[in-house]
Amino acid sequence: MITIAEHVDVLIVGAGLSGIGAACRLRTRLPGKSFAVLEARDTIGGTWDLFRYPGIRSDSDMFTLGYPFRPWKNPKAIADGPAILSYIRETAMAYDVDKHIRFGHRVVSAAWSSADARWTVEAVCEGTPRTFTCRFLYLCSGYYDYAGGHVVDFPGRAEFSGPVVHPQHWPSDLDYDGKRVVVIGSGATAVTLVPAMAERATHVTMLQRSPTYIVARPGNDALADRIRALLPEGLAHRVVRGKNVVLSTIFYQLMRRLPEKTALLLRKRVAAELPASIPVDPHFVPEYNPWDQRLCLVPDADLFSAMRAGKADIVTEQISRFTADGVLLASGRLLPADVIVTATGLRMVAFGQISLSVDGREISSGDQRVYKGMMFGGIPNLAWCVGYSNNSWTLRADLSSQYVCRLLEHLDRTGRSYCVPDPGMEPSNAELRPVLDLQSGYVRRAAAALPKQGSARPWRMRQNYILDFTDMRLGRIDDGVMRFGRAGDKTRERSGRF
Ligand SMILES: Cc1cc2nc3c(=O)[nH]c(=O)nc-3n(C[C@H](O)[C@H](O)[C@H](O)COP(=O)(O)OP(=O)(O)OC[C@H]3O[C@@H](n4cnc5c(N)ncnc54)[C@H](O)[C@@H]3O)c2cc1C
């Protein structure tokens, strides 16, 4: 006989920014519901605790990356990792959700039973299996593998005489004072690391295979500061948040609709920041359009300041191999290095690497069709919290958590025990694309394992907060696609999948 460690109405997986936000929403909106948060690690914070590399910071503003219900009070709009971590921890304590977290519990599988209308969730705690049951399973497990980032097997790696470090596993005792550093990568992590390491290193070279769009922005938001000085805290947070949503939506739409003009503008702005020794072409002229991949934000133009000070430079070339003394490029040039940082990206995963099954049928993540960007055709009472790729994560994560609350309220009101997007109404295979619509390497590498989206609502993952807000906060729950039932109901067989 299986011993059930705990039964709750809602089981949240993950105590990162999203899981804590979800728990706060549940606690305040549905105080009668029992819930627990299963967290594989021993601490709160997810991303903002895991990454410890120098300079770690957000690249979106904290008024929108923070929760709508908890004002961001720090003067810095673009915040460092420790400040974000404190904010998450303090929120968990303020909303009294910290005591609901079961640390050290890695969820490995979850099985739905239609007969009981409940999930049976298996977790491992200190090597011992523990079983939980719940009515609704909410995966706030992030989007990448915590075990390790994307590792490129550079030839000659073992020959290099110094340390080779991946930003996901930053050694706290890494000594790079007065050393020559090569940072391999062109994404947000590389552009953060280069100026931060340049403060102590002799010289830092950013070595990229291909360029990324980079935009400099003040780390402080002067207008937000004025608004915060004038208005009460909560109102100021809402106003600044609204302002940033509108501005970021306008900028994104402009870039997608006028890619050539905006690409030129971005290049011009970068060129104005660069020293004469570093030409904008090829280092800052990507082959794709703005927002085909995530735009990289450089707060206070710190990357360019380090370049102007002669502390950092950039090389755009293929790597031939590592040698004992550094990195040999395809052109034959040797980049001397004492330390190499491989900022080569994350390994994306779906559903927190949890094996899911519905009435004994195994669920393959790559075959699922996303409904409203958070649920899946034929999988009852389960949501996956995924943020925006073109805007602050929390904007979408919080809409998703509020939608879960609305669903639970609807079930209670109508006396039903489960809801499930009707797989019979899923989009055809011909229209499918991966759930994250970016051409970035980390998305392409994981495309087969990622759930798919269609081309029209509700099966399309929109990257537009304003449209999603109206849909998820105000739209009908009973939209003709979502089906509802009670434990033991004979389930619909429209597509043969559920
Ligand atoms: C370096 C870096 C910088 C970023 N900067 C920004 C930014 O500026 N703006 C932005 O919008 N986004 C940014 N992101 C994306 C970022 O991940 C999100 O903003 C946000 O932190 C995600 O929160 P989350 O809680 O959904 O996921 P995570 O922070 O990844 O937390 C997930 C939690 O779930 C736990 N978990 C996972 N699987 C299981 C399991 N099977 N069982 C139990 N527990 C599990 C993990 O241990 C973790 O604690 C950044 C990401 C990285 C890596």
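**View 1. Pro282 in helix 9.** Pro282 is part of helix 9, which spans residues 280-283; helices (DSSP runs of H or I, at least four residues) and strands (runs of E, at least two) are numbered from the N terminus. The peptide bond between Asp281 and Pro282 is cis, with omega about 15°. The model is predicted, so local features need pLDDT of at least 70 and side-chain atom pairs count only at pLDDT 80 or more, while totals for chains, interfaces and linings use all residues. Residues are numbered from 1 along each chain as its sequence is written, and side-chain values use heavy atoms, with hydrogens and water left out.

View 2. Arg457 is joined to Pro458 by a cis peptide bond with omega near 0°. Pro458 sits in the loop between strand 24 (452-453) and helix 13 (465-474).

**View 3. The backbone at Asp300.** Asp300, a residue other than glycine, has a positive phi, near 55°. Its place is the loop between strand 11 (296-299) and helix 10 (302-308).

**View 4. Helix 7 against helix 8.** The axes of helix 7 and helix 8 cross at roughly 115° and come within 5 Å. Helix 7 is therefore roughly perpendicular to helix 8 (the term covers 65 to 115 degrees; angles under 35 count as roughly parallel, over 145 as roughly antiparallel and the rest as oblique). Axes are lines fitted to C-alpha atoms, for helices over the stretch in contact, and angles run from 0 to 180 degrees between N-to-C directions. Leu254, Met255, Arg256 and Arg257 of helix 7 are in contact (heavy atoms within 4.5 Å) with Pro259, Thr262 and Leu266 of helix 8. By class, this contact of helix 7 with helix 8 has four nonpolar, one polar and two charged residues. Nonpolar means Ala, Val, Leu, Ile, Met, Phe, Trp, Tyr, Cys and Pro, charged means Asp, Glu, Lys and Arg, and polar means the others, Gly among them.

**View 5. The second largest pocket.** The second largest pocket has a volume of about 830 Å³. Its lining holds 30 residues, and Val215, Arg217, Ser248, Phe251 and Leu297 lie nearest the centre. A pocket is an open set of points on a 1 Å grid where a 1.4 Å probe fits, with protein on both sides within 12 Å along at least five of seven lines; lining residues have an atom within 4 Å of a point. The volume is the space filled by probe spheres set on the points. Helix 7 gives the largest share of the lining, eight residues. The lining of this pocket comprises 14 nonpolar, nine polar and seven charged residues.
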